[in-house]
Amino acid sequence: MAEKQPPAPTPAHGSDTDQGQDQGQGQDERLRDEQGHLVLRSPEQFKALGHPLRHRMVNALRQRPATLRQLAQALEMSKGTIGYHVRVLREAGLVRLTETRQVRGGTEQYFALVAPAFKLHQDAEVGPEFLINAALGEMLPRQPGQASHTMLRHLWLTDTEAHALEARLREMATEPYPTDLAQGRPYGLLVSLFRADVPNLPPDDAP
């Protein structure tokens with residue numbers, strides 16, 4: 001069956017409170033890299049993303065903008081709870097009100113991420129542990145028949161080799177330990193494939 005096409009979106013007109021909540025986004029526009037990714041640096045951003053429910057909400061919104069009702073359905077939480085956490089993400093400059101649509105009985109607000117992806121600022125107080133904890137939070141127990149593989153080993157690399165690590169990941173993961181450990185410095189390499197706990201949004205059935 002063909003999917004219903006939603007009506008043309010109406011530009012969002014937030015209240016004074018809404019505008020105040022989204023004011024920080026303009027300030028964060030300068031904290032973007034050349035690909036348009038939002039560069040995370042402020043404690044408010046990391047505190048907002050550090051909550052497991054808000055982390056799952058961000059993963060859901062990576063799929064497309066969504067309403068509070070759709071997020072509540074996807075995360076199996078009450079609409080009031082979702083509304084509170086969306087407000088925290090908005091105040092941190094991570095989520096914005098993107099549009100409103102007319103539905104039966106009123107209007108629905110659609111929320112979206114302010115950028116297609118986030119990355120850590122090099123001077124951020126948090127480090128790789130933030131990303132590792134995020135990955136651990138997404139990890140689901142392995143089920144029979146599912147692909148899952150995690151390994152930890154060490155590589156001795158010069159600074160030049162370390163900067164080229166991303167391009168050489170697959171090759172370096174199978175290299176033997178060097179015979180002369182005095183060359184370079186040890187770097188940890190964690191490669192993991194796991195079933196991710198990312199909620200799926202319901203179909204956008206707005207009339």
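Start by selecting helix H7, residues 128-138, in this predicted model. Its buried residues are Phe 130, Ala 134 and Glu 138, where buried means under 20% relative accessible area, exposed over 50% and partly exposed in between, with a 1.4 Å probe and protein chains only. Look down the axis of H7: the buried residues fall within an arc of 70°, so they line one face of the helix. That arc is taken from the directions from the helix axis to the C-beta atoms. An α-helix has 3.6 residues a turn, so residues three or four places apart point the same way. Now turn to the other side of H7, where Pro 128 and Leu 136 are exposed.

Next, show what covers the buried residues of H7: the cover includes helix H3 (43-50), helix H4 (52-61) and strand E5 (118-120). Helices (H or I, at least four residues) and strands (E, at least two) are DSSP runs, numbered from the N terminus.

Stay with H3 and pick out its buried residues, Gln 45, Phe 46, Ala 48 and Leu 49. Down the axis of H3 they fall within an arc of 160°, so they too line one face of the helix. Pro 43 and Lys 47 are exposed on the face turned away from that side.

Last stop: Val 198, in the segment after strand E7 (185-193). Its 32% relative accessibility makes Val 198 partly exposed. Beyond neighbours within four places in sequence, Val 198 is in contact (heavy atoms within 4.5 Å) with Asn 59 and Gln 63. Leu 140 is 58 residues from Val 198 in sequence, with 10.0 Å between their C-alpha atoms.

For your selections, residues are numbered from 1 along each chain as its sequence is written, and side-chain values use heavy atoms, leaving out hydrogens and water. Local features need pLDDT of at least 70 and side-chain atom pairs count only at pLDDT 80 or more, while totals for chains, interfaces and linings use all residues.
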